[in-house]
Amino acid sequence: MALTTQQKTELEEILDILGENLSITEAQHEAAVNSYKAVGNWLTNADSELANYNPVVSPQGSFIIGTTIQTIDPDGDIDLDVVCELNGKKQSWTQKDVKELVGEQLRKHKKYESILDEEGRRCWTLKYRENANFNERYHMDILPAINTSGHSIIKERAYINLSDQKIEELVLSITDKEKVPDYYLSTDPLSWYLSNPFGYAIWFMKSAENVKGVRTKTFSLNESVKPTPKYQKQRLPLQRVVQLLKRHRDIMFKDYSDEDKKEKPISCIITTLATHAYNGEDNIIEALINVINNMEKFVDVRLDEKTGQYVKWISNPVKTSENFADRWALPHSKRERFFKDWIEKLKLDFGIFNAPFNRINLSESLKKSFGDAPVTKTFSDIGNNMRILTENGNNNVDRNLGLVGTAITGLKEVTKVQPHKFFGNE
């Protein structure tokens, strides 16, 4: 027996509020924005060798496409990915020079020196733990990059119409210390590893905004990137789906060993496959079921020209020569098996959506998939919303289905829920 229309409506509300509770808070958002703006200002310091190239630090990844989620560990750190974009460089600078110059400038700042982690493959990482402040618990991965296209994306005017810019004009050259000997020798950014984080964001948002229904646009890509990004509470169905998938993954692998956790499905694979599978559904529940059932179909098999072997391939949609699943083929890698295990767990856990439910068994099922705290808060939030509606005389109950809310107004078996009135003894 399939879900009724009313149950779908109720489930839609539950998943939307759950996604909201999994999102970073406005305070966390503002703390992150202030931090990367401060880093950008420091890298532009007049004493910096980078100053002449107008370095600007801008967010990339989940932060600008609205899919960042809280960690499952209440004391955990959120990952914040940013790009340090330089408009050009000295002709003699190699990848190593650019990377180290950014690192050196960070070390000249007393605070940044104290929170700077060991050098990563492509990034420098600042580990924020401001006086144990909950809002400042995150890792800021700073990716040094050179803009050689002549189409700068870092100026204020460019943010006004980022969604309208041509994706190929947003390519950046980045450093990669594993690419030897180029990392030490190459001075030509066009021969470096090319990345397009802002092009990816445009690709994702165009799919997210292509909703086949009456749902209005609730998230602005331009506002999520511009120098003073606006915190946005609402999300489109695809954004919510990606948040829910990432949280389910984190819960599934939370008890794995530290080494195995490193091989769980990575966020760019989840986001890319979900976007391919999304079919413009105007509600979260139908979008989620469709994505779960179809995302695996977008894993290709291709001939790896370097090894001559056929491998699983998940293309970067804005750079098809890049395989997001390249590490699946590494010796002793568990990544492909873990991905398949996760897909099967998704189908098993969300089978409850294919049959009628009551709030108790739904709540328990969701807790197993997303964790106790956010699910408990979600049902509490819904209860509070219903109480307010009841007190205002706008709430209704379907006597047969046991559903409460404004969405079922007009049904034959609906009774108005009377507000509580408490009278003390006179």
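The structure is a predicted model, so local features need pLDDT of at least 70 and side-chain atom pairs count only at pLDDT 80 or more, while totals for chains, interfaces and linings use all residues. Residues are numbered from 1 along each chain as its sequence is written, and side-chain values use heavy atoms, with hydrogens and water left out.

Helices are DSSP runs of H or I with at least four residues, strands are runs of E with at least two, and both are numbered from the N terminus. The axes of α10 (residues 237–252) and α12 (residues 267–277) come within 10 Å and cross at roughly 140°; axes are lines fitted to C-alpha atoms, for helices over the stretch in contact, and angles run from 0 to 180 degrees between N-to-C directions. That makes α10 oblique to α12, the label for whatever is left once under 35 degrees is roughly parallel, over 145 roughly antiparallel and 65 to 115 roughly perpendicular.

Turning to the strands, β9 (residues 315–316) and β10 (residues 319–323) run antiparallel and are joined by two bridges; pairing takes at least two bridges found by DSSP. A hairpin links β9 to β10 through two residues, and Ser 315 sits opposite Asn 323 in β10.

As for cysteines, the disulfide count is zero, a disulfide being a pair of cysteine sulfur atoms within 2.5 Å.
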